[in-house]
Amino acid sequence: MQVHAYSSFAQIPLKDVAISVTAPDGMAIAMKLTDRSGRIEPIAIPTPDTELSQAPDPGQTPFATVTLHARLKGYEQITAENIQIFPGTVTYQDLEMIPLSELPSQWSKYELFDTPPQQL
């Protein structure tokens with residue numbers, strides 16, 4: 001999995017965005033900070049066997065799902081749920097971070113994205 005965080009107004013890369021990736025049960029898979037290009041080192045996510053994605057079985061899911069949280073002071077927090085990770089491919093997640101006003105009451109604002117399952 002690869003992540004790219006940038007400012008929504010000018011698509012300027014954002015450094016030091018705290019990225020955490022968790023499994024469906026809430027267990028932490030990785031925690032990283034974005035570099036000056038707004039990217040992190042790729043995260044390896046455990047996935048089901050490749051054969052499941054080649055010939056899907058209705059009783060089994062051919063991909064792994066994760067939740068991603070992104071946080072940077074002064075920007076709206078982002079949570080992306082049910083991100084689907086298929087074996088043998090890189091999943092790219094762009095994060096358009098929206099600047100907040102200077103009011104402390106705005107810090108608790110966040111945006112939630114829920115990815116629906118693939119139609120296989």
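This report describes the fold, core, strand pairing and selected residues of a predicted protein model.

## Overall fold and confidence

The protein is built from one helix and seven strands, and these elements follow one another along the sequence in the pattern β-β-β-α-β-β-β-β. Of its 120 residues, 38% are buried, while the accessible surface comes to about 7,600 Å², with 53% of that area belonging to carbon and sulfur atoms. Among contacts with a separation of 6 or more, 57% are between residues 24 or more positions apart.

Since the model is predicted, its confidence deserves attention alongside its geometry. The mean pLDDT of the protein is 85, and 82% of the residues reach 70 or more. Confidence is highest in β2, at 97, and lowest in strand β7 (residues 110-114), where the mean is 64.

## The nonpolar core

The largest nonpolar core contains 23 residues, and those that touch the most other members are M1, I19, L68, L95 and M97. At least two residues of this core come from each of β1 (2-7), β2 (18-22), β4 (64-71), β5 (77-85) and β6 (92-97). As a general background to such an arrangement, nonpolar side chains in soluble globular proteins tend to be buried together.

M1, one of the residues that touch the most other core members, can be followed in detail through its contacts. Leaving out residues up to four places away in sequence, M1 touches V21, P42, I43, I45, V66, L68, I83, I85, T91 and Q93.

The C-alpha atoms of Y92 and M1 are 6.0 Å apart in space, although the two residues are 91 residues apart in sequence.

## The aromatic pair

A search of the whole structure finds one aromatic pair. This pair is formed by F63 and F86, whose rings are tilted, with 5.1 Å from centre to centre and 50° between the planes. The pair links distant parts of the chain, since F63 lies in the loop between α1 and β4 and F86 in the loop between β5 and β6, 23 residues apart.

The two partners fall into separate accessibility classes: F63 is buried, because its relative accessible area is 11%, whereas F86 counts as partly exposed at 22% relative accessibility. The cut-off that decides both assignments is 20%, under which a residue is buried.

R36 lies in the loop between β3 (28-33) and α1 (50-54), and its relative accessibility of 75% is why R36 counts as exposed. Despite this exposure, R36 is in contact with P13 and K15, when its neighbours within four places in sequence are left aside. The C-alpha atoms of R36 and V17, which are 19 residues apart along the chain, are separated by 9.8 Å.

Technical notes: Residues numbered from 1 in each chain as written. Predicted model: local features only at pLDDT ≥ 70, side-chain atom pairs only at ≥ 80, totals over all residues. Heavy atoms only, no water. Core = buried A, V, L, I, M, F, W, Y, C linked by side-chain atoms within 4.5 Å. Buried < 20%, exposed > 50% of the residue type's maximum accessible area, 1.4 Å probe, protein only. Helix = DSSP H or I, 4+ residues; strand = E, 2+ residues; numbered from the N terminus. Contact = heavy atoms within 4.5 Å. Phe/Tyr/Trp six-rings, centres within 6.5 Å; stacked < 30°, edge-to-face > 60°. pLDDT = per-residue confidence, 0-100. Areas by Shrake-Rupley, 256 points an atom, 1.4 Å probe, with all protein chains shown as cover.
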